[in-house]
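This briefing covers one protein chain. Look at the sequence and the structure first, then read the points by topic.

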Amino acid sequence: MKVSKLLIEKIKEFEGFSSFAYVCPGGKWTVGYGHVRGVTKGRIVTEREADKLLREDLMQYERCVNELDVAQTQGQFDALVDFAFNLGCESLRGSTLLAKIRAGAPCSDIRAEFMRWVYAGGQVMKGLVQRRQWEADRYFA
């Protein structure tokens with residue numbers, strides 16, 4: 001599967017655009033729409049470059065979720081790709097969320113697992129609460 005245009009727009013909304021590199025709440029240098037690979041202080045990108053970086057970044061997360069072979073719908077795929085994009089493939093692979101999906105857990109259990117991932121620096125982040133809620137809703141769309 002490939003990510004939907006809806007997901008690309010949601011990631012842009014969740015991440016926001018920054019032409020200048022900054023340290024995100026997770027402690028990583030970030031630029032554009034959540035791009036972190038190889039970013040250092042002083043990095044600058046245009047919106048066009050940021051869009052290209054986002055699409056390139058998403059390819060690795062598409063591959064990651066496709067390899068897991070658990071997404072049966074576009075909504076499930078988009079939700080898991082966004083989760084992996086935001087937290088990393090290793091976090092998804094080792095998560096109780098994935099274990100519950102594989103076990104066929106009830107919807108309420110899967111939703112609860114999405115909502116466990118709302119912390120950065122030990123604090124609940126409003127933006128992460130909104131993002132996990134969107135992912136849970138998209139997963140069951």
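Val23 stands opposite Trp29 in strand E2. The model is predicted, so local features need pLDDT of at least 70 and side-chain atom pairs count only at pLDDT 80 or more, while totals for chains, interfaces and linings use all residues. Residues are numbered from 1 along each chain as its sequence is written, and side-chain values use heavy atoms, with hydrogens and water left out.

**Strands**
- Strands E1 (residues 18-23) and E2 (residues 29-32) run antiparallel and are joined by three bridges; two strands pair if DSSP finds at least two bridges between them.
- Strands (E, at least two residues) and helices (H or I, at least four) are DSSP runs, numbered from the N terminus.
- Five residues lie between E1 and E2 in this hairpin, and Gly27 in the turn has a positive phi of about 90°.

**Nonpolar core**
- A nonpolar core is a set of buried Ala, Val, Leu, Ile, Met, Phe, Trp, Tyr and Cys residues joined through side-chain atoms within 4.5 Å.
- The largest one has 37 residues, and Leu58, Leu80, Val81, Leu92, Leu97 and Phe114 have the most contacts inside it.
- Helix H2 gives the largest share of this core, eight residues.
- Beyond neighbours within four places in sequence, Leu97 is in contact (heavy atoms within 4.5 Å) with Leu80, Phe83, Leu92, Ile110, Glu113 and Phe114.

**Gln76**
- Gln76 lies in helix H3.
- Gln76 is buried, with a relative accessible area of 14%; buried means under 20%, exposed over 50%, and partly exposed in between (1.4 Å probe, protein chains only).
- Not counting residues up to four places away in sequence, Gln76 touches Val70, Ala71, Arg138 and Tyr139.
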